[in-house]
Amino acid sequence: MSKKLSATLFVSGLGNDVCNPFFDRSGKLHIIRQNVGSILTVDNVGNSQMVVNTGGQPSYATYNEDGSLYVCDFGHSAVLAFTKDGQQELVVGVYEDKPLRGPNSISIVDDDIFFTDSGAFGETGLHSPTGSVFAISNSPSGQVLKPISLGNLAYPSGIAVSRDKKFVYVAETMTNRVLRFFQQPVGVYHGSIFYQLSGGVGPVALTLDAAGNLYVGQYDLKESSGDGSVFVISPAGKLLKTISTAGSEISGLAISTSSSGDETLFITEKSSGSIFKFDL
(Lines give C-alpha, C1' and ligand atoms only; values in the text may rest on other atoms or scores of the structure.)
Protein backbone atom coordinates (compact mmCIF):
# COMPACT_ATOMS: atom_id res chain seq x y z
CA MET A 1 0.00 0.00 0.00
CA SER A 2 1.35 3.45 -0.91
CA LYS A 3 1.88 6.13 1.72
CA LYS A 4 -0.20 9.31 2.04
CA LEU A 5 1.76 12.30 3.31
CA SER A 6 1.05 16.02 3.69
CA ALA A 7 2.86 19.00 2.24
CA THR A 8 3.41 22.03 4.47
CA LEU A 9 2.53 25.63 3.69
CA PHE A 10 5.46 27.63 2.34
CA VAL A 11 3.78 30.96 1.55
CA SER A 12 0.21 32.18 1.00
CA GLY A 13 -1.62 35.26 -0.25
CA LEU A 14 -0.23 35.11 -3.78
CA GLY A 15 -3.55 35.33 -5.65
CA ASN A 16 -5.94 32.78 -7.14
CA ASP A 17 -4.15 32.78 -10.50
CA VAL A 18 -0.79 31.57 -9.16
CA CYS A 19 0.82 28.74 -11.13
CA ASN A 20 4.05 27.16 -12.35
CA PRO A 21 6.73 27.39 -9.67
CA PHE A 22 10.22 27.18 -11.20
CA PHE A 23 13.81 28.12 -10.38
CA ASP A 24 16.60 30.04 -12.05
CA ARG A 25 20.18 28.79 -12.12
CA SER A 26 20.90 30.42 -8.75
CA GLY A 27 17.98 28.58 -7.12
CA LYS A 28 15.65 31.59 -6.83
CA LEU A 29 11.97 30.61 -6.78
CA HIS A 30 9.71 32.07 -9.50
CA ILE A 31 5.94 31.93 -10.03
CA ILE A 32 3.45 33.05 -12.65
CA ARG A 33 0.41 35.27 -12.01
CA GLN A 34 -1.51 34.13 -15.05
CA ASN A 35 -4.36 36.64 -15.19
CA VAL A 36 -2.09 39.69 -15.02
CA GLY A 37 0.62 38.29 -17.29
CA SER A 38 3.40 38.52 -14.74
CA ILE A 39 6.38 36.32 -13.94
CA LEU A 40 7.75 37.03 -10.47
CA THR A 41 10.34 35.92 -7.97
CA VAL A 42 8.98 35.20 -4.49
CA ASP A 43 10.56 34.57 -1.09
CA ASN A 44 9.36 32.60 1.92
CA VAL A 45 7.38 35.50 3.40
CA GLY A 46 5.59 36.36 0.16
CA ASN A 47 7.68 39.29 -1.01
CA SER A 48 7.68 39.31 -4.79
CA GLN A 49 9.57 41.10 -7.53
CA MET A 50 8.61 41.42 -11.16
CA VAL A 51 10.85 39.65 -13.68
CA VAL A 52 8.79 40.29 -16.80
CA ASN A 53 5.22 40.88 -17.95
CA THR A 54 4.39 39.16 -21.24
CA GLY A 55 1.35 41.29 -22.04
CA GLY A 56 -0.56 38.04 -22.49
CA GLN A 57 -1.56 35.04 -20.38
CA PRO A 58 1.53 33.02 -19.50
CA SER A 59 0.94 29.47 -18.31
CA TYR A 60 4.45 28.04 -17.87
CA ALA A 61 8.05 29.22 -17.96
CA THR A 62 11.57 27.90 -17.57
CA TYR A 63 15.16 29.03 -18.06
CA ASN A 64 17.60 27.48 -20.50
CA GLU A 65 21.29 26.99 -19.81
CA ASP A 66 22.33 30.45 -20.98
CA GLY A 67 19.78 32.20 -18.75
CA SER A 68 17.13 33.06 -21.33
CA LEU A 69 13.55 32.75 -20.07
CA TYR A 70 11.18 30.67 -22.22
CA VAL A 71 7.44 31.21 -21.72
CA CYS A 72 4.32 29.41 -22.94
CA ASP A 73 1.62 32.04 -23.38
CA PHE A 74 -2.07 31.49 -24.19
CA GLY A 75 -2.61 35.17 -24.99
CA HIS A 76 0.09 35.20 -27.66
CA SER A 77 -0.61 31.59 -28.77
CA ALA A 78 3.13 31.16 -28.84
CA VAL A 79 6.32 30.19 -27.08
CA LEU A 80 8.23 33.36 -26.25
CA ALA A 81 11.80 33.93 -25.10
CA PHE A 82 13.16 36.78 -23.01
CA THR A 83 16.89 37.31 -23.21
CA LYS A 84 19.00 38.31 -20.22
CA ASP A 85 18.84 41.94 -21.34
CA GLY A 86 15.02 41.79 -21.39
CA GLN A 87 14.41 41.53 -25.14
CA GLN A 88 11.27 39.58 -26.10
CA GLU A 89 11.53 37.15 -29.01
CA LEU A 90 9.03 34.86 -30.72
CA VAL A 91 10.28 31.27 -30.62
CA VAL A 92 7.34 29.60 -32.36
CA GLY A 93 3.71 30.51 -33.06
CA VAL A 94 2.82 28.42 -36.12
CA TYR A 95 3.23 24.90 -37.44
CA GLU A 96 2.85 24.26 -41.18
CA ASP A 97 1.43 27.78 -41.61
CA LYS A 98 -1.31 27.17 -39.01
CA PRO A 99 -1.27 29.09 -35.71
CA LEU A 100 -0.72 27.15 -32.51
CA ARG A 101 -3.73 26.81 -30.23
CA GLY A 102 -1.84 28.13 -27.22
CA PRO A 103 1.26 26.49 -25.72
CA ASN A 104 0.66 25.23 -22.20
CA SER A 105 3.85 23.79 -20.67
CA ILE A 106 7.51 23.54 -21.65
CA SER A 107 10.63 21.56 -20.77
CA ILE A 108 14.16 22.23 -22.02
CA VAL A 109 16.85 19.52 -21.99
CA ASP A 110 20.25 20.18 -23.60
CA ASP A 111 18.71 23.10 -25.54
CA ASP A 112 16.08 20.81 -27.06
CA ILE A 113 12.63 22.27 -26.37
CA PHE A 114 9.52 20.20 -25.68
CA PHE A 115 6.09 21.78 -25.24
CA THR A 116 2.39 21.00 -25.15
CA ASP A 117 -0.16 22.95 -27.18
CA SER A 118 -3.62 22.80 -25.63
CA GLY A 119 -5.09 26.26 -26.05
CA ALA A 120 -6.81 27.94 -23.11
CA PHE A 121 -8.88 25.75 -20.81
CA GLY A 122 -11.88 24.37 -22.69
CA GLU A 123 -10.46 24.88 -26.18
CA THR A 124 -9.43 21.23 -26.38
CA GLY A 125 -10.92 18.33 -24.41
CA LEU A 126 -13.11 15.27 -24.81
CA HIS A 127 -15.38 17.36 -27.05
CA SER A 128 -12.42 18.35 -29.23
CA PRO A 129 -9.30 16.20 -28.74
CA THR A 130 -7.10 18.35 -30.97
CA GLY A 131 -4.19 19.29 -28.69
CA SER A 132 -0.59 18.50 -29.60
CA VAL A 133 2.92 17.92 -28.29
CA PHE A 134 5.92 19.37 -30.12
CA ALA A 135 9.70 19.23 -29.98
CA ILE A 136 12.19 21.79 -31.25
CA SER A 137 15.47 19.96 -31.76
CA ASN A 138 18.88 21.08 -32.96
CA SER A 139 20.24 19.82 -36.28
CA PRO A 140 23.18 20.74 -38.52
CA SER A 141 20.84 22.98 -40.49
CA GLY A 142 19.41 24.71 -37.40
CA GLN A 143 16.43 24.19 -35.13
CA VAL A 144 13.65 21.92 -36.37
CA LEU A 145 10.05 21.97 -35.12
CA LYS A 146 8.29 18.61 -35.31
CA PRO A 147 5.21 17.09 -33.71
CA ILE A 148 5.46 14.27 -31.20
CA SER A 149 1.67 13.90 -31.16
CA LEU A 150 -0.34 16.07 -33.53
CA GLY A 151 -3.92 17.22 -33.09
CA ASN A 152 -5.22 14.23 -31.15
CA LEU A 153 -5.06 15.00 -27.41
CA ALA A 154 -7.73 16.13 -24.93
CA TYR A 155 -6.04 19.12 -23.31
CA PRO A 156 -2.35 18.20 -23.03
CA SER A 157 -0.90 20.25 -20.19
CA GLY A 158 2.09 19.40 -17.98
CA ILE A 159 5.22 17.96 -19.58
CA ALA A 160 8.39 16.40 -18.17
CA VAL A 161 11.35 14.96 -20.05
CA SER A 162 13.92 12.48 -18.75
CA ARG A 163 17.50 13.75 -18.64
CA ASP A 164 18.55 11.42 -21.44
CA LYS A 165 15.51 12.54 -23.48
CA LYS A 166 14.42 8.94 -23.95
CA PHE A 167 11.03 9.56 -22.33
CA VAL A 168 8.58 12.46 -22.68
CA TYR A 169 5.75 12.43 -20.14
CA VAL A 170 2.57 14.39 -20.87
CA ALA A 171 -0.44 15.09 -18.66
CA GLU A 172 -3.58 14.70 -20.76
CA THR A 173 -5.93 16.51 -18.42
CA MET A 174 -9.38 15.72 -19.75
CA THR A 175 -8.77 11.97 -20.01
CA ASN A 176 -7.30 12.01 -16.47
CA ARG A 177 -4.14 10.20 -17.50
CA VAL A 178 -0.41 10.54 -18.07
CA LEU A 179 1.07 9.52 -21.43
CA ARG A 180 4.65 8.47 -22.08
CA PHE A 181 6.32 8.95 -25.45
CA PHE A 182 9.57 7.24 -26.41
CA GLN A 183 11.84 7.26 -29.44
CA GLN A 184 12.41 4.12 -31.50
CA PRO A 185 14.43 4.70 -33.59
CA VAL A 186 15.81 8.10 -32.60
CA GLY A 187 13.55 10.84 -33.90
CA VAL A 188 10.47 8.63 -34.26
CA TYR A 189 8.08 8.92 -31.30
CA HIS A 190 5.58 6.38 -30.02
CA GLY A 191 3.18 6.92 -27.14
CA SER A 192 1.13 4.90 -24.70
CA ILE A 193 -0.75 5.35 -21.43
CA PHE A 194 1.77 5.43 -18.59
CA TYR A 195 -0.60 6.00 -15.66
CA GLN A 196 -4.39 6.27 -15.45
CA LEU A 197 -5.82 8.39 -12.66
CA SER A 198 -9.35 8.45 -11.27
CA GLY A 199 -11.37 11.10 -9.48
CA GLY A 200 -10.63 14.78 -9.86
CA VAL A 201 -10.58 16.64 -13.15
CA GLY A 202 -7.17 15.49 -14.31
CA PRO A 203 -3.40 15.93 -14.13
CA VAL A 204 -2.04 19.36 -14.99
CA ALA A 205 1.56 19.41 -13.73
CA LEU A 206 4.50 17.01 -13.96
CA THR A 207 8.08 16.95 -12.73
CA LEU A 208 10.81 14.35 -12.29
CA ASP A 209 13.21 13.80 -9.38
CA ALA A 210 16.84 12.70 -9.65
CA ALA A 211 15.84 9.03 -9.37
CA GLY A 212 13.44 9.29 -12.31
CA ASN A 213 10.24 9.18 -10.23
CA LEU A 214 7.39 11.16 -11.78
CA TYR A 215 5.36 13.62 -9.70
CA VAL A 216 1.82 14.16 -10.99
CA GLY A 217 -0.24 17.10 -9.75
CA GLN A 218 -3.96 16.46 -10.21
CA TYR A 219 -6.33 19.42 -10.48
CA ASP A 220 -9.85 19.30 -9.06
CA LEU A 221 -12.56 21.86 -8.39
CA LYS A 222 -12.51 23.25 -4.87
CA GLU A 223 -16.27 22.63 -4.64
CA SER A 224 -15.89 18.88 -5.13
CA SER A 225 -12.73 18.04 -3.24
CA GLY A 226 -11.04 19.24 -0.06
CA ASP A 227 -7.41 18.28 -0.38
CA GLY A 228 -5.25 18.23 -3.49
CA SER A 229 -3.14 15.27 -4.55
CA VAL A 230 0.32 14.84 -6.00
CA PHE A 231 0.98 11.24 -7.00
CA VAL A 232 4.53 9.89 -7.01
CA ILE A 233 4.95 7.27 -9.73
CA SER A 234 8.01 5.05 -10.16
CA PRO A 235 9.74 4.66 -13.56
CA ALA A 236 7.91 1.32 -13.77
CA GLY A 237 4.52 3.04 -13.41
CA LYS A 238 3.84 2.03 -9.78
CA LEU A 239 2.27 4.41 -7.27
CA LEU A 240 4.82 5.02 -4.50
CA LYS A 241 3.06 7.63 -2.38
CA THR A 242 0.56 10.47 -2.45
CA ILE A 243 1.35 13.97 -1.20
CA SER A 244 -1.69 16.02 -0.18
CA THR A 245 -2.19 19.79 -0.11
CA ALA A 246 -4.78 21.93 1.69
CA GLY A 247 -6.61 22.87 -1.49
CA SER A 248 -7.40 20.90 -4.62
CA GLU A 249 -6.69 23.40 -7.41
CA ILE A 250 -3.08 22.35 -8.00
CA SER A 251 -1.50 24.43 -10.75
CA GLY A 252 2.20 23.60 -10.83
CA LEU A 253 5.09 21.51 -9.51
CA ALA A 254 8.83 22.04 -9.29
CA ILE A 255 11.73 20.35 -7.49
CA SER A 256 14.68 22.27 -6.08
CA THR A 257 17.99 20.59 -5.28
CA SER A 258 20.29 21.88 -2.54
CA SER A 259 24.08 21.94 -2.74
CA SER A 260 24.10 18.73 -0.68
CA GLY A 261 21.73 16.99 -3.13
CA ASP A 262 18.58 17.17 -0.97
CA GLU A 263 15.41 17.67 -2.99
CA THR A 264 12.28 19.65 -2.11
CA LEU A 265 8.99 19.63 -4.01
CA PHE A 266 7.13 22.94 -4.41
CA ILE A 267 3.43 22.97 -5.31
CA THR A 268 1.27 25.93 -6.35
CA GLU A 269 -2.44 25.84 -5.46
CA LYS A 270 -4.89 28.39 -6.87
CA SER A 271 -7.88 28.33 -4.51
CA SER A 272 -5.72 29.38 -1.55
CA GLY A 273 -3.19 31.38 -3.57
CA SER A 274 -0.46 29.38 -1.89
CA ILE A 275 2.77 27.48 -2.38
CA PHE A 276 3.26 24.24 -0.46
CA LYS A 277 6.48 22.33 -0.04
CA PHE A 278 7.49 18.77 0.75
CA ASP A 279 11.00 17.50 1.52
CA LEU A 280 11.75 14.41 -0.56
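Which residue's side chain meets that of Asp110 in a salt bridge? Lys165 does, with 3.9 Å from N to O. Hello everyone, and let me set the ground before going on. What you see is a predicted model, so local features need pLDDT of at least 70 and side-chain atom pairs count only at pLDDT 80 or more, while totals for chains, interfaces and linings use all residues. Residues are numbered from 1 along each chain as its sequence is written, and side-chain values use heavy atoms, with hydrogens and water left out.

Back to our pair. By salt bridge I mean a side-chain nitrogen of Lys or Arg within 4 Å of a carboxyl oxygen of Asp or Glu. Strands, labelled E, are DSSP runs of at least two residues, and helices, labelled H or I, are runs of at least four, numbered from the N terminus.

For accessibility, buried means under 20% relative accessible area, exposed means over 50%, and partly exposed is in between, using a 1.4 Å probe and protein chains only. Lys165 counts as buried because its relative accessibility is 18%, whereas Asp110, at 53%, counts as exposed. Asp110 has another feature to show you: its phi is positive, near 50°, and it is not a glycine. As background, most residues other than glycine have a negative phi, and most peptide bonds are trans. Asp97 is also a non-glycine residue with a positive phi, of about 70°. Asp97 is in the loop between strand E11 (94-95) and E12, and it counts as exposed because its relative accessibility is 76%. While we are on the backbone, please look at Gln184 and Pro185, which are joined by a cis peptide bond with omega about -5°. Pro185 is in the loop between strand E19 (177-183) and strand E20 (189-196).

How many salt bridges are there by this rule? The count is six. One of them joins Arg101 and Glu123, whose closest N and O atoms are 3.3 Å apart. Arg101 lies in the loop between strand E12 (98-99) and strand E13 (103-109), and Glu123 in the loop between strand E14 (112-117) and strand E15 (131-139), so the pair ties together parts 22 residues apart in sequence. Arg101 is partly exposed because its relative accessibility is 30%, and Glu123 is partly exposed because its value is 34%. Another salt bridge brings together the side chains of Arg25 and Glu65, at 3.9 Å from N to O. Arg25 is in the loop between strand E3 (18-23) and strand E4 (29-33), Glu65 is in the loop between strand E7 (58-63) and strand E8 (69-73), and they are 40 residues apart. Both Arg25 and Glu65 are exposed.

Now for the strands. I call two strands paired if DSSP finds at least two bridges between them. Strand E25 (residues 250-257) has seven of its eight residues buried, so the rest of the structure largely encloses it. E25 runs antiparallel to strand E26 (residues 263-269), with seven bridges joining them. Across that pairing, Ala254 stands opposite Phe266 in E26. Five residues lie between the strands of this hairpin, and Gly261 there has a positive phi near 95°.

There is also an open sheet of five strands, in the order E1-E24-E23-E22-E21, with mixed pairing. Its edge strands are strand E1 (3-6) and strand E21 (202-208), each pairing on one side only. E21 pairs with strand E22 (residues 214-219) in the antiparallel sense, over six bridges. In that pairing, Gly202 has Tyr219 of E22 as its bridge partner.

To finish, what does the lining of the largest pocket draw on? E3, E7, E13, E17, E18, E21 and E25 each supply at least two of its residues. E25, our largely enclosed strand, gives the most, with five residues. The lining divides into 22 nonpolar, 10 polar and nine charged residues. In that count, Ala, Val, Leu, Ile, Met, Phe, Trp, Tyr, Cys and Pro are nonpolar, Asp, Glu, Lys and Arg are charged, and the others, Gly among them, are polar.
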